[in-house]
Amino acid sequence: MQQAPPRVLHIVENLDRGAVENWLVRMLVHARKREIEVDWTFYCILEQPGAMDDKARALGARVIHSPVPIARKAKFVRTLRMELGRGEYDVLHCHHDIVSAVYLLAASGMRIRRRIVHVHNADEAVLTPSRLKKRLYREPMRQVCLFMADRIVGISNHTLDTFLAGHARRPERDFVHYYGLDPAPFENVAADRADFRRQWELPEDALVLLFGGRLVPEKNPVFAVDVLADLRCIEPRAVAVFAGAGSQELDIVVRARELGVENSVHLLGWRNDLPEIMSCSDWFILPHPEHPMEGFGLAVVEAQLAGLRMLLSRGIPDDPLLPTACFRRLPLSGGSIEWAKAAMELLHDPVPSRAAALAALRASPMNMDQALKGLLELHT
């Protein structure tokens, strides 16, 4: 008789546009495709529904939204503890870095076989606007995670080591597990560069500098406008396209106006056709701040699969770079003119091979089968 899969409670923000949640749903889809049984529940700390709630439920998962905001800490912990007892979960899989300490404390003393803290970012954020409280809470919460979790998982080497904060990795507890990425959207993409330029009223010979992702300070999208302004002084055909949304949309527009390039900056908002947009672009830019570094640049992997030349800051770790990558890694302190010159240098490099990038992905830990296998092994 086949053994039932472990009952897993994933604690996430909500099943919306977040990279973590999209990865988990992607893994759930792949498990169903491979006819691998999983028993997952998503416990969302945000009350509002997410865009992928129904999709997750259709795939057989349960989706629960906490009726109590995490800001009401005592009642939130009691409510979560009630669900942990009611659901009789085998695995508590926490996806909120240092904040996972709250969930581990809620599970204290309960009969849960596996407690996992999954670290997705290196910024070590604590959910309080007070700088003093952040400093006071950070280390005690880290120690709770290190003491109470039996597995600490980082999405990259840098992310894991940052979280461990000088503690040596223990082979039986501390792991790096890379996101699995489905190459199908890039294998089957039907990109029409001319049609894309007509659709967004770009010049037919435009060279597209693409920023894809959240338009928020921790991604530093405004710097891409500075790079565009200097790039246009060298190559007037250059335009910038921002595929994403966030708090800095207005800052991008204002900066573009200040630099006189507002007609060459195009904000597309959130898109479901990013593989097509990437495949119609010429460069991908990610000027992430250097401290703290990016946890894992999933968009960096996607840009490689689309055959893009990449301009990356030193805030991007090596982990998402495939052997086929065509990129320049630059310090932000070098200024936008150096980034613009690097963009022109990249144009003289051979066009990156999408076929080679796809082959490299299949041989990497980001291969979907390997990533799913590793994820399920964490729960055993």
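I began with the crossover: β4, helix α4 (residues 100-106) and β5 form a right-handed β-α-β unit. Right-handed here means that, with the strands pointing away from the viewer, the path from the first strand over the helix to the second runs clockwise. Helices (H or I, at least four residues) and strands (E, at least two) are DSSP runs numbered from the N terminus.

A note on the source: this is a predicted model, where local features need pLDDT of at least 70, side-chain atom pairs count only at pLDDT 80 or more, and totals for chains, interfaces and linings use all residues. Residues are numbered from 1 along each chain as its sequence is written, and side-chain values use heavy atoms, leaving out hydrogens and water.

Next I looked up the partners of β5; strands pair if DSSP finds at least two bridges between them. Strand β4 (residues 91-94) runs parallel to β5, joined by four bridges, and H93 stands opposite I116. Strand β6 (residues 151-154) is also parallel to β5, again with four bridges; there V119 faces G154.

Is β5 buried or exposed? Six of the six residues of β5 (residues 114-119) are buried, so the strand is largely enclosed by the rest of the structure. Buried means under 20% relative accessible area, with a 1.4 Å probe and protein chains only. I found R114, I116 and H118 buried on one side, and R115, V117 and V119 buried on the other.

Last, I checked M278: leaving aside neighbours within four places in sequence, its contacts (heavy atoms within 4.5 Å) include F186, F284 and L308.

Technical notes: Contact means heavy atoms within 4.5 Å. Buried means under 20% relative accessible area, exposed over 50%, partly exposed in between (1.4 Å probe, protein chains only).
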